[in-house]
Amino acid sequence: MAQQEITMPKMGESVMEATITKWVKNEGDYVKLDETIIEIATDKVDSEVPSPFEGYLIKKLYKEGDVVQVGKAFAILSTEKETSSTEKTTAPVTNGELKKSEHEVADKITETKETSTINFEKSSRFYSPLVKNIAKKEGISVTELDQIQGSGLHGRVTKNDILNYLEKRVSGNVPTQKEIQTIEKQITQAPTTSTATPSNSSSPSIEIKRPVVPVYPGDEIIEMDRMRKLIAEHMVMSKHVSPHVTSFVEADVTNIVLWREKVKKQFEKRENQKITYTPIFIECIIKAIKDFPMINISVDETQTKIIKRKNINIGMATALPSGNLIVPVIKNADEKNLIGLTKAVNDLAQRARDNKLLPDEIQGGTFTITNVGNFGNVMGTPIINQPQAAILATGTIKKKPAVIETPQGDMIAIRHMMFLSLSYDHRVVDGSLGGSFLRRVADYLEAWDLNREI
């Protein structure tokens, strides 16, 4: 009978492993082609893995919660149904095999005793399941783990980081376990003080005083989900890495409002798509980026080099039903016309809400837009989505009296006005560049052609 191995698919250049969060199929179940067999979680996104074959699931190679490397087999399918291993008759066990089994059980019990005292909830850092497993196996405490300088995304500790640390610990180049226990005792005695090291290794340690948070009768304690923890870590990291400056302008978007009202029914009928303000804003941002390409940059990890991006990849912050936030990316957005941008915006937003984004679709952004106007806010001061250098927020559109300059003289009229705010990295973007770029975006919005064909 034919058997096929199902391997963990590649999910992006920087994604090398995934955690199995749920088995959708059980051993013995029939799996159709492209039917979901497992649900997985990576550092970037949660997704489903469809089966590339059709057949019976005869063997699960990993359990829920296990970490699987990309390219590794995690299940075996067969064209014919087999009896499970528990249903098969087994050969008598020899004395040697029995002793080996007893030793394995004893080792498991010993390992469980050694690792049961490690509580990762005490740490504010995110650790992948693989790093946690290594830490448990090697008896690395949470305090000791928090001291390891991470080389991964946003300063996270990778497998290589913890293995290198273990080599140094063997050679005596890191604090002993007794010293670590002393540190833990000091932290317990002084809970309001902790030391956090920014992701940039050249930066000095910063002492952060965290307040003791009392819990009163009737208060509800809500555990953060995995995505919220990642968002929190990313936001704190961004504030540590970049000195944020925010500039504001007010734009008259009356022409855009009137034009959209005029074309939206015809557009939806012809393209089977609703046209929102977001693709219009993105088109104007792209034009301004081409005028000011030094806004489309990143700073390398040494803080000595500026990376000027060739591509214009626009991230669009999207609120999820859970209340969390995700930023899908429109790759090469400057190559799309308004129809293409509209379809990309609608598609990514819908799949974000349905939790069907691919890992590659939330990576590689070079500039981000967030629409705080969706929530009735007139303006905002967004936090930069690292490693980008700027993020633009659009406020709600409100009717306001405004002074209009005409050849016949000034006049007051009711106009549709909107605030734009740009947060930028003041290490590499000065007020002149940031303010000029933001004003140029507003100029393109205000110059929208009422008679534009689409």
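Select Val-378 first, in the loop between β18 (367-371) and β19 (390-394); helices (H or I, at least four residues) and strands (E, at least two) are DSSP runs, numbered from the N terminus. The model is predicted: local features need pLDDT of at least 70 and side-chain atom pairs pLDDT 80 or more, while totals for chains, interfaces and linings use all residues. Residues are numbered from 1 along each chain as its sequence is written, and side-chain values use heavy atoms, leaving out hydrogens and water.

Val-378 counts as partly exposed because its relative accessibility is 36% (buried means under 20% relative accessible area, exposed over 50%, partly exposed in between, with a 1.4 Å probe and protein chains only).

Next, select Lys-25 and Glu-35, whose side chains meet in a salt bridge (2.8 Å, N to O). This term denotes a side-chain nitrogen of Lys or Arg within 4 Å of a carboxyl oxygen of Asp or Glu. Lys-25 is buried at 13% relative accessibility, whereas Glu-35 is partly exposed at 25%.

Finally, select Glu-283 and Arg-452, a salt bridge with its closest N and O atoms 2.7 Å apart. Glu-283 lies in helix α8 (residues 277-291) and Arg-452 in the segment after α10 (431-446), 169 residues apart.
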